[in-house]
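Please keep the sequence and the model in view.

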Amino acid sequence: MEIGTLESWLWDAACVIRGPTDAPKFKDYILPLLFLKRLSDVFEDEVDDLAAELGDRKQAEDLVERDHKLVRFYIPPNARWSRITQVTAGLGQYLTDAVRAVARENPRLQGVIDAVDFNATAAGQRILDDEHLAALIQVLGRHRLGLHDVEPDILGRAYEYLLRKFAEGQGQSAGEFYTPREVAILMARILEPEPGMEVYDPCCGSGGLLIKCHLRLLETRGELLNGRPRLPPSIPPLRLFGQEINPSTFAIARMNAFIHDMEADIRLGDTMRRPAFTDEAGRLRRFDLVVANPMWNQKAEAFGGPAIYENDPFGRFCYGAPPASTADWGWMQHMLASLKDGGRMAVVLDTGAVSRGSGNQGSNRERDIRKAFVEADLIEAVILLPENLFYNTTAPGVILVINRAKRKPGEILLINASKLFAKGRPKNYLTDEHIQRIADLYHTWRAEEGLSAIITKEETSRNDYNLSPSRYVATGEKEDVLPPEEAMVLLREAEEERAAVDQELAQVLHMLGLGDFRANN
């Protein structure tokens, strides 16, 4: 099946429930059913293959019923798609029972396929009634999704398409878990994962960044086996690890990994408060590669307040506590602490993360942490992306590349890719040629007029540790107006600084007997 056919089919499925269901609910209903259909069709194919070996379908069915390990996932009779299409009444409860039965038989799918209640109500009304569920089942039943019908990545692309379409309709909330496909591909091209590497995403959303690393290894080291790309037995696959705080997004990430036919250890939880991956001594586990797109400018109150930086049992924030107004450099320090000696990472951040505080009089927490990273020679490259790529903002964003064993010690490559994009609706996008050009600049480590520059640590120091590529690489256009999001962060930082100064002043006045000191807690 062609990807266009698959995408059109899934969009038809979304349109079936568009009326009674808000856009955020598309994924809650369609994705688990799509996943269930894939599991059911693959199960039937595996039974057919066993029957071909034995020469008897009934014997194959009996064997599978006695030994569920003969198939990758055992699907109980009531959860098989052929049975589901015959249900005429009580469909919501039937589907809920079916996915729960699949989860009971396959513990790896618990909390993944059974995360949605198809019979759920809101304000006394069914969110999606049986009539619309039946229409959705009918649309999803148009095409088989078995082993010989679709490639895992084609199905994954369609899955990604549905997430993207949801993101286009939902904007802000969707951008929290969906990184545009071409940005994820670019990050994988920058990291170029090697066989057997351990790759970690501490805020993995729907798992797209990990999946793109897996697909990049298939692209560079795989071979066609029965028409499908596979790693040869001599090449070990990547070991993928992720953590996600949102339960429904966690379930999507697990489904996404299964649909791509890849193993990934993805765990539910708050990475900043309770990192999921630790060693036997309780220290952070470290990885070969880290790839991430954390929420930009997240306030410290989202994970318990600034005290987390001061009282961290893992010793993550040794380069300083970031301001309460933005956790960008808190995330960077967590990821650095999770990186092996010689490890590399690529992280998408707000553009302000590489420039805020530079040029200010006095101290600035973000600038001071950035300075510490530069002085430790950890920052290898900064790539400025075009505007209007991401679904939760029109701001451009940067990819910050960290390398514990830099190819060119003392140097930083800055790439201003702000003009490398194609116009799209509703969002701009990078073409394959743009991705290739940016990745080539990084891997060949070269300066190109109007596109990239190589600076030294000394030059960075002279510019007060401002690492914005637009400062060093002119594109011939005037500098853009400060984005509203950036202005709000700067305003919150100024308010923090004012409050701290007020408290110090009050304490001094109290000591001098000139006023009452009241600590601000």
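## Loop, cysteines and a helix pair

T351 sits in the loop between β9 (339–349) and α13 (365–375). Helices (H or I, at least four residues) and strands (E, at least two) are DSSP runs, numbered from the N terminus. This is a predicted model: local features need pLDDT of at least 70, side-chain atom pairs count only at pLDDT 80 or more, and totals for chains, interfaces and linings use all residues. Residues are numbered from 1 along each chain as its sequence is written, and side-chain values use heavy atoms, with hydrogens and water left out.

T351 touches L384, P396, G397 and V398 (heavy atoms within 4.5 Å), not counting residues up to four places away in sequence.

| Residue | Relative accessible area | Class |
|---|---|---|
| T351 | 16% | buried |
| C204 | 5% | buried |
| C318 | 61% | exposed |

The structure holds 0 disulfides, a disulfide being a pair of cysteine sulfur atoms within 2.5 Å. For C204, the nearest cysteine sulfur is that of C203, 7.9 Å away.

How do α5 and α6 pack, and at what angle? Helix α5 (residues 91–105) crosses helix α6 (residues 130–140) at about 55 degrees, and their axes are 8 Å apart. Therefore α5 is oblique to α6. Axes are lines fitted to C-alpha atoms, for helices over the stretch in contact, and angles run from 0 to 180 degrees between N-to-C directions. Angles under 35 degrees count as roughly parallel, over 145 as roughly antiparallel, 65 to 115 as roughly perpendicular and the rest as oblique.

In the contact, L91, G92 and L95 of α5 meet D130, L133, A134 and I137 of α6.

Definitions and conventions: Buried means under 20% relative accessible area, exposed over 50%, partly exposed in between (1.4 Å probe, protein chains only).
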